[in-house]
Structure formats: C-alpha cells, structure tokens
Amino acid sequence: MKDTTNILRAKGLKVTPQRIAIYTMLSHTDQHPNAEMIYRTLEPTNPTLSLATVYKTLYLFKSSGLVQELNVGEASARYDAVVKRHSHAVCTCCGKVVDLPADAFEELRQYASKLTDFSLESEQLIFYGKCPNCKSQFI
Ligand code: ZN
Ligand code: MN
C-alpha cells in the first residue's frame, strides 16, 4: 500500500484509494486482466468504484508509463504492471496470458534489425495456442 502510494507520487499522480486499489491489484497479478476483470475483482471491496473510473485510471497509468497495454486480439485490452519489455503467449481457448522472458528473443531482434537495417526500439511478440489446461481437454 505504502509502496503504491510512493509509486503514484513519483509519477506526479494524485493518490486516491481507487488508484491505489487498481495499481496494487495489477502489480500483484500475473493474469493480465482487462478493465472489466479489474472492475469485477475490486468492486466488492470498493463499492464506489465504477467501470468508467477503471478505464480512466488505466488510461492515466498507461500515459504515465506505470502499466503497459496489451492488445491480444480481443475486444478489450489487457493490462500488465510489468512495463519492461517482454513477450506473451495467449491461450485461444480460455484467454490465459502468460509471460515469456524478456531476453528470449534477442537473436530474433538482431535478425530483424539486420533484415530491415532499422534501429529497432520495441516489438510486440505474441504467441497463440492452447495452454496446458486447455490442451489436456482435447486429448
Ligand atoms: Zn487455456
Ligand atoms: Mn506480461
């Protein structure tokens, strides 16, 4: 809680209980939730929270570099408090999103840079397939 307060202050953001709740939740989950999931998780303990506030807060956090927005091909974006660059794998069956190590694709990055002669700054790499749980249901 105290950490979150300091993190928000360091970005020059006004600290509100709702902002604390949203950032704390995002920094303690590896689920990559969307706004709706965040709202549903926090609403029971934050009865004054609205979905609109969740959207506004996520936009603010994204603009401040506190979270990264992931477009995995669903109707709504997913959010990740890990802003350091890393890749993801998405389950096309249940929507589970998992992290891949940040340095896993260094060779690919170098190859892309060589092929294009670009000085590359970032990339979005998403793998799609069935997670272990969903996979086992199809055997
Ligand atoms: Zn799955
Ligand atoms: Mn992630």
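Modeller: Helices (H or I, at least four residues) and strands (E, at least two) are DSSP runs, numbered from the N terminus. This is a predicted model, in which local features need pLDDT of at least 70, side-chain atom pairs count only at pLDDT 80 or more, and totals for chains, interfaces and linings use all residues. Residues are numbered from 1 along each chain as its sequence is written, and side-chain values use heavy atoms, with hydrogens and water left out.

Biologist: Which pattern does the chain follow when read along the sequence?

Modeller: The pattern is α-α-α-α-β-β-β-β-α-β-α, with six helices and five strands in the chain.

Biologist: Why is C91 called buried?

Modeller: Buried means under 20% relative accessible area, exposed means over 50%, and partly exposed lies in between, with a 1.4 Å probe and protein chains only. The relative accessibility of C91 is 4%, and therefore C91 counts as buried. Of the 139 residues in the chain, buried residues make up 33%.

Biologist: What makes C93 partly exposed?

Modeller: C93 has a relative accessible area of 41%, so C93 is called partly exposed, a value that lies between the limits of 20% and 50%.

Biologist: How do you know that C93 is in no disulfide?

Modeller: A disulfide is a covalent bond between the sulfur atoms of two cysteines. Here a pair of cysteine sulfur atoms must lie within 2.5 Å to count as one. The structure holds zero disulfides. For C93, the nearest cysteine sulfur, that of C134, is 3.7 Å away, and C93 is in no disulfide.

Note on methods
Chains lettered and ligands numbered in written order.
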